[in-house]
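Me: Could you walk me through reading this structure, one feature at a time?

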Amino acid sequence: MPGRTPTSATGSVRCWASVPEAFPASSTDREPVLAVRSSIGGMLRSRAFWEQRSLHPVARLLLVLAVGVLLCIAIAFILASGTFTRYDLLAVALYLSLAAFAWHPTIAAVVVMVISGVGVVFTGSGGDLLELAIALSLVAATCVPWVIVAHVALLGALTTYIALSGPTLAEGGVYGIAGIALIAFLAGIAFRLVAARETVLVAERARIAKDLEAIARHDQERIADELHDGIAHDLTLILFHARALPRQPDRAGRQVSLTTIEESAEQALQSIQSLLSLIRDTKTEGPRLRSTRYEGSVTEAVTSLGALLHDAGIPTSVATPSVPLGVATTAERVLTETAVEAVTNIIKHAPKSKSASIGIHVRPDAVELVVKNVAPTSLTAEDHTTGGRGLRRARQRLASSEGRLESERTPEGWSLRAVVPADPDSASEHGGVSAFPPP
C-alpha cells in the first residue's frame, strides 16, 4: 500500500446518474387507440370515428329484447289469423335481420335493405318503408359510411316510388318519413359518439396507467442507481480498507485507509440521508443531491480514480488528453459514471490485481475510455464479462448518448471499453496525453 496521503479522490468518487427522459412522449402513447380527438368536431372529422363498430353490450341486449317482443307479437298475429302470408314472412325476416345488428352490422344492414326494398316494391307496404327509416338508427350507429349512404339513398328512392305510385302515404307522408329518418340518423350518430367517447376514455385511462407504471419504474431505477452508483461504491471502499487495515505495514498506509474509511462513511451517510429525504417527502424536494462530481470533467475523474486505485495498492497508469474532449456534457458524464463503475468492480472483484490502467483516447469522431486490469492467474474475470446491474446500466446510459460499451475477459485479466461520439459543436482538436506515474 503506498504511503502517501489520500487525495480528494475518495471524497469525489461517486457520480450521480444523469437519468434520461424515462418515457418520451410519442404519438402512439399520446393519442388514443382510435386516434380521435376528444372534441365532438374532431371525432366527426376523424376517419376512425366512421369505422364499423359493434353495439354497446347494453344496447345489444336491449335490441335483442325489442326484437324478441316484436317476434312474439308477429307470431301472435299469425296464430290469431290462422294463416301465414308473405307479409308475415317478410316481417319475421326483417325482425331477424334487425337482431343481426348485434353481431354482424354490415350483413344485417344489407339484409334489411333487401327485405325492405322487396316489401315496398312488390307489396307497396308503407310499413316496410317506415321500418327502413327507423332501421337507419342502427345503421348510423354501427356501419361504415358507404353502407349509411346506400341506406339513405335506398330510403329516398323507395319513398319517391311510393309517393308517385299510389296513395299509400297520406298527405305530407313524405315529410313524415324524412323526419323519422333524420331523427333515426341523429340517434344513431349520438350512440356512435357515446361509444367513441367511451373508447377514448378507456384508451386514455390505459395510457395514464401505463405512464404511471413508467413513472414508478423510473423512480425505482433512480433509487437503485443512487444506491448502486453512490452508496454501494462508498461501502465497497469502506469494506476494502477495513479488511486491509490490520495488514498495513506502516503508519502512513494505515492513515490512508483510516482517512478513506472516514471520508467514504461520511459520504455514504450523506447519500443515505438525501435519498431517505427524497423518498419520504413526495411533495417538496429534499436536500439536493449533487448532479455530478469532478466538476463534470471525466479527465479529472480518471485522474482521481487512478489515485484511488493507487491507495488501494494497485499500481495504476492513467492517460488523459491535454485538450478538451469535444463531447456533449451528458456523454462526458456517462463516461465518468462508467469509469467509476469499472474502478469499483476492480476494487470489489479483483482487489489483488497486479496492475491497472485507465485511458481516455480522442479520435476524430469519438472519445474512448479504456479500463484494464492485470489480475493474478488464480482469478478470472468471468463475472465481469456479462456484468451485473452496474455494467448493464452503464450500457443503457451509453446507448442513450449513442455510445456503446464493450467488456471482456483478457488473458491478463479484464478489459472495458466505452465509446461516445464526438459532439460536432464542440472543439475537435487533438492533443497529447499526460500519464499518471505508477508508484
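**Reading the fold, feature by feature**

Reply: Let's begin with contacts, meaning heavy atoms within 4.5 Å. Among contacts in the protein chain between residues at least 6 apart in sequence, 73% join residues at least 24 apart. This is a predicted model, where local features need pLDDT of at least 70, side-chain atom pairs count only at pLDDT 80 or more, and totals for chains, interfaces and linings use all residues. Residues are numbered from 1 along each chain as its sequence is written, and side-chain values use heavy atoms, leaving out hydrogens and water.

Me: How many helices and strands does the protein chain have?

Reply: Helices (H or I, at least four residues) and strands (E, at least two) are DSSP runs, numbered from the N terminus. Here the protein chain has 13 helices and 6 strands.

Me: What percentage of the protein chain is buried?

Reply: Buried means under 20% relative accessible area, exposed over 50%, and partly exposed in between, with a 1.4 Å probe and protein chains only. Of the 439 residues in the protein chain, 43% are buried.

Me: How should I read helix H6, and where does H6 bend?

Reply: Start with its span: the expected value is 1.5 Å times one less than the number of residues. H6 covers residues 126-142, and its 17 residues reach 25 Å from first C-alpha to last, close to the expected 24 Å. A bend is the angle between axes fitted to the seven residues ending at a position and the seven starting there; H6 bends by about 30° at Ala135. The helix is mostly covered, with 12 of its 17 residues buried, including Leu132, Ala135 and Thr142.

Me: Which side chain of opposite charge is nearest to Asp88?

Reply: Lys and Arg count as positive, Asp and Glu as negative, while His and the chain ends are not counted. A salt bridge puts a side-chain nitrogen of Lys or Arg within 4 Å of a carboxyl oxygen of Asp or Glu. Asp88, in helix H4 (residues 86-99), is buried yet has no salt bridge; the nearest opposite charge is Arg86, 10 Å away. Leaving aside neighbours within four places in sequence, Asp88 contacts Ile78 and Thr83.
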